[in-house]
Amino acid sequence: MAVPKRKVSAARRDRRRTAKERLDVPGMVKCPKCGEFVLSHRVCKNCGTYDGKEVIKVEDEAKK
């Protein structure tokens, strides 16, 4: 019967285990202002708001 020759280090073991966890979809929420799906705790790229406040100015594509 095959037996490991050396102990698998914790770092190597944990690296192997995290590969399965990275397959999950990140948490997406709807922007309260425009309704676009955004990653949580990020500025909305569509309207430029975060936590109900305008953080960045976003130009409309019609103006370009």
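## A tour from Ile 56

Start by selecting Ile 56, which counts as partly exposed because its relative accessibility is 41%. The model on screen is a predicted one. Ile 56 sits in the segment that follows strand S4, residues 53-54.

Together with Ile 56 they make up a nonpolar patch on the surface. The accessible area of the five residues is about 370 Å² in total.

Next, select Lys 57. This residue is also placed in the segment after S4. Is Lys 57 buried or exposed? Lys 57 counts as exposed, since its relative accessibility is 78%. Then draw a distance from the C-alpha atom of Lys 57 to that of Cys 47: the value is 7.8 Å, for two residues that stand 10 apart along the chain.

**The whole chain**

Zoom out and switch to a cartoon view. The protein has 1 helix and 4 strands. Read from the N terminus, the order of the elements is α-β-β-β-β. Colour the chain by accessibility: 9% of the 64 residues count as buried.

**The cysteines**

Show the cysteine side chains. How many disulfides does a search of the whole structure find? The search gives 0. Take Cys 31 as one case: Cys 31 is in no disulfide, and its nearest cysteine sulfur, belonging to Cys 47, lies 3.6 Å away. Cys 31 counts as buried because its relative accessibility is 7%.

Move on to Cys 34. The closest cysteine sulfur to that of Cys 34 is in Cys 44, at 3.7 Å, which is too far for a bond, because a disulfide requires the two sulfur atoms to be within 2.5 Å. Cys 34 is partly exposed, with a relative accessible area of 32%.

Tyr 50 has already been selected, as a member of the nonpolar patch.

Select Pro 32 from this group. Pro 32 belongs to the loop between S1 and S2. Its relative accessible area is 79%, so Pro 32 is exposed. A distance drawn between the C-alpha atoms of Pro 32 and Gly 52 comes to 7.5 Å, although the two residues are 20 apart along the chain.

**The salt bridges**

Asp 51 forms a salt bridge with Lys 53, and their closest N and O atoms are 3.9 Å apart. Both Lys 53 and Asp 51 are exposed.

How many salt bridges are found in the whole structure? The search finds 2. For the other, select Arg 13 and Asp 14, whose side chains meet in a salt bridge with an N to O distance of 3.1 Å. Asp 14 counts as partly exposed because its relative accessibility is 35%. Arg 13 counts as partly exposed as well, with a value of 30%. The tour stops at this pair.

Terms used: Residues are numbered from 1 along each chain as its sequence is written. This is a predicted model: local features need pLDDT of at least 70, side-chain atom pairs count only at pLDDT 80 or more; totals for chains, interfaces and linings use all residues. Side-chain values use heavy atoms; hydrogens and water are left out. Patches are made of residues with over 30% relative accessible area and no salt bridge: like charges are joined within 9 Å, nonpolar side chains (Val, Leu, Ile, Met, Phe, Trp, Tyr) within 5 Å. Accessible areas come from the Shrake-Rupley method with a 1.4 Å probe; for residues, only the protein chains shown count as cover. A salt bridge is a side-chain nitrogen of Lys or Arg within 4 Å of a carboxyl oxygen of Asp or Glu. Helices (H or I, at least four residues) and strands (E, at least two) are DSSP runs, numbered from the N terminus. Buried means under 20% relative accessible area, exposed over 50%, partly exposed in between (1.4 Å probe, protein chains only).
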